Amino acid sequence: MSKYSRKLQKLYDTAPVQETAVLVALIRQGQTDHQITEYLDELSFLTETLGAKTVYRFTQRMEKPDVRTFVGSGKLEEIKSYIEHFEVDMVIFDDDLSPSQMRNLENELKVKVYDRSLLILDIFLNRAQTAQAKTQVELARFQYLLPRLTRMWTHLERQRGGTGTRGGAGEKEIETDKRDIRSKITLLKSKLQDIDKQGVTQRKGRKGIVRVALVGYTNVGKSTLMNLMTKTDILAENKLFATVDSTVRKVVLENIPFLLSDTVGFIRKLPTHLIESFKSTLDEIREAELLVHVVDISHPGFEDHISVVNNTLNEIGAGDKAMLLVFNKIDLVPKMPSEEEMMHMTELEVEENNYLDFEKLAESYTKKTGIEPVFMAAHEGTNVEIFRESLVKEVKKQHIKMYPHYLEDEVIDMSLYKDLE
């Protein structure tokens with residue numbers, strides 16, 4: 001064997017191996033197969049965002065979760081056999097697990113178990129960039145994990161951010177880790193109070209100018225729209241929770257300055273701990289005069305997404321804000337053909353294409369909100385001017401409330417807003 005061949009023998013593949021996961025969901029009474037598929041597709045997208053690969057999906061038809069194992073002993077045995085045979089790294093549930101359920105499942109399955117909240121928390125921890133967001137997510141994650149701590153979750157500082165190594169120590173070490181976590185929670189709360197004080201001071205400096213917040217379900221195109229309006233380069237990608245940190249930029253349209261903020265996207269079953277910990281970030285929404293609700297109209301469940309966002313806004317005390325509804329990604333939706341075109345199509349063709357009647361949709365939501373929605377494709381730049389006109393119209397309404405004697409032909413002294421740059 002040559003010297004070169006011996007060197008090659010000593011080389012090791014250091015590329016990270018992508019971990020694998022199986023998904024588990026309960027089918028409850030009244031839920032359709034289509035809904036379950038949609039929910040599991042979203043859970044699979046979340047899993048991919050975390051960095052793992054979905055290899056199989058399990059469903060169990062039950063009205064209430066099993067108190068001990070969530071899915072019942074028969075289904076648990078089926079899951080266990082699968083993960084042992086295919087050496088799966090983790091099991092992810094589409095619902096939250098109680099502390100006892102998580103302990104029982106990890107003891108039975110011998111792999112790491114995620115529930116929906118823990119999965120979202122770990123994604124947020126990976127995505128957070130600012131000190132505030134990192135502290136908020138870390139606090140929420142520790143608070144959520146504390147009663148659920150098992151052997152699989154010891155030495156959290158080495159597994160932070162998601163798909164870490166499996167295995168752990170004994171009960172004594174778990175108790176030590178619990179004490180460490182309690183200490184960390186106390187420190188993080190103190191740190192967050194200091195950060196919140198800075199945030200309050202910053203927001204006080206924004207008084208006297210209209211504040212507009214982009215809200216919506218995750219991955220609907222808020223960051224793309226923000227980049228379009230502010231000519232900045234905020235991260236916008238086809239992943240859930242691409243934006244965790246709120247970003248504020250000043251925009252001037254028709255001589256009226258306003259602040260535009262891009263906020264974290266909402267999602268079905270958003271963890272309560274996360275909402276509580278993100279209080280200061282959500283203040284950008286609570287303190288805004290106008291909300292721009294961005295909707296991905298190409299998603300088959302966009303109406304459910306609208307309900308999730310509206311319910312979350314009500315939960316954080318921002319449900320009564322003035323709102324502009326924006327249906328985004330119209331380039332991905334087949335528009336309703338004309339009557340003449342319909343005459344040359346069969347009923348089956350019309351049904352299979354899932355056409356959307358934008359006119360009827362606009363009429364319906366105008367009756368509900370009193371404001372005609374905007375249809376656009378931010379990524380393609382379609383109907384951007386229409387969106388700008390609608391946004392200016394709504395911003396003017398808020399500006400007049402602040403400055404009742406403002407004349408539309410008056411030129412605003414921009415030096416007043418230098419501190420907002």
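Start with the contacts (heavy atoms within 4.5 Å): of those in the protein chain with a separation of 6 or more, 70% are between residues 24 or more positions apart. Keep in mind that this is a predicted model, where local features need pLDDT of at least 70, side-chain atom pairs count only at pLDDT 80 or more, and totals for chains, interfaces and linings use all residues. Residues are numbered from 1 along each chain as its sequence is written, and side-chain values use heavy atoms, with hydrogens and water left out.

The protein chain has 16 helices and 10 strands, taken as DSSP runs numbered from the N terminus (helices H or I, at least four residues; strands E, at least two). Of its 421 residues, 50% are buried, meaning under 20% relative accessible area with a 1.4 Å probe, protein chains only.

Now look inside. A nonpolar core here is a set of buried Ala, Val, Leu, Ile, Met, Phe, Trp, Tyr and Cys residues joined through side-chain atoms within 4.5 Å. The largest one holds 89 residues, and Ile285, Phe387 and Leu391 touch the most other members. A second, separate core has 15 residues, including Ile306, Leu325, Leu356 and Tyr365.

Phe387 and Leu391 also turn up where H9 meets H16: Leu225, Leu228 and Met229 in H9 touch Val384, Phe387, Arg388 and Leu391 in H16. That makes 6 nonpolar residues, no polar and 1 charged, with Ala, Val, Leu, Ile, Met, Phe, Trp, Tyr, Cys and Pro counted as nonpolar, Asp, Glu, Lys and Arg as charged, and the others, Gly among them, as polar.
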